[in-house]
Amino acid sequence: MYNKAGAYIVFDADMRFYLTGQKVSFGCVVLTKKANFYISDSRYETALRTSLPDYEIIIVKRDGLYPALCALKDKLGITTFGVEDETLTYNDFVALKTALGRNAVLINASREFGSMRAIKSQAELDKIIAAQKLTRLAYEAALDRLKAGVTEREVAAVIVYEMLRGGADDYAFFPIVSFGENSAKPHHSPDDTRLNKGNIVMLDLGAKYRGYCSDMTRTVFYGEPGKDMERIYNIVLSAQESALGGIKPGMTCHEADSLAREYIRAKGFDKEFGHGSGHGVGVKIHDEPSLSPGNTAVLTEGMVVTVEPGIYLPGHGGVRIEDMIYITETGTTNLTNVKKGLTIIK
């Protein structure tokens, strides 16, 4: 890791949690070959000193972060720093560059951090599985709430409540609850749309447990579906099963994506499937790797990814089915043990 930079500066809160296990709202981590540093303020001093004996803890006031980094740079004699190019704002980049001085070189390191997080330890996998169990319970509670006249917003509130009541730290993302035509919007925000007979219902939800996320989507029908939407559902389900049965370590993300995409294309709905087939899950809900066209990254044992093909028909509705899988030595293990055959709620 240190062949490109003498040190890495980590501002992103999720990445800092990944490295240290500490949830800290302010500060940064500095990684070097010889020593690691955590710069934060007095609110976290006791927790950091107690929990991170292998880190040198530097406590500053809120406006002292960049001066502390400059002092650390001079102390270490390092001029090349890896930074999170995908999450660092322009203002923060300029402030950091100014503080470190003209001779400092900042290089892109987000991909290195993402690759580091992609392979899960058993402890990480256990937390993701626990998060998924909470997600399943929240999903079941949401199904029980599907009655004529309920709003998307009300169902989303049930999901959040059940996750927190069950022991989740938080939701991994605010739930997507969409009725009827709204289900044709892949990332619809729940609103005051009311549930009516014949509606498609899409539920995309995930809990966060001890810092790790889960993610699943199910599409159900409130009342008998029309033949066209029933056919769409079965196409998406078959596309997902094709991918779940074919994904294995050693294949590229592009190859994994094509397993579902080619099935949907053969059924005539290529243009109606506009997003990637899946993504990594960990401390971030969208993490490395991305199962998408053209991505040549290779799937490796220890990765956790989603498989989530969908078809969306504006003015009618959409179907998405999403499971999380763990890449094993020879294939995959499905972490989402939730029914996904055609479900009709009377």
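On a 1 Å grid over the protein atoms alone, a pocket is an open set of points where a 1.4 Å probe fits, with protein on both sides within 12 Å along at least five of seven lines, and its lining residues have an atom within 4 Å of a point. The model examined here is predicted, so local features need pLDDT of at least 70 and side-chain atom pairs count only at pLDDT 80 or more, whereas totals for chains, interfaces and linings use all residues. Residues are numbered from 1 along each chain as its sequence is written, and side-chain values use heavy atoms, without hydrogens and water.

**Second largest pocket**
- The second largest pocket has a volume of about 200 Å³.
- Among its 15 lining residues, Glu86, Thr87, Ser110, Arg117 and Lys284 lie nearest the centre.
- Two or more lining residues come from each of α5 (110–118) and β14 (287–291), where helices (H or I, at least four residues) and strands (E, at least two) are DSSP runs numbered from the N terminus.

**Surroundings of Val158**
- Val158 belongs to helix α7 (residues 152–166).
- Beyond its neighbours within four places in sequence, Val158 contacts (heavy atoms within 4.5 Å) Ala141, Ala142 and Arg145.
- The C-alpha atoms of Val158 and Arg145 are 7.9 Å apart, at a sequence separation of 13 residues.

Definitions and conventions:
Points joined across faces, edges and corners; volume = space filled by probe spheres on them.
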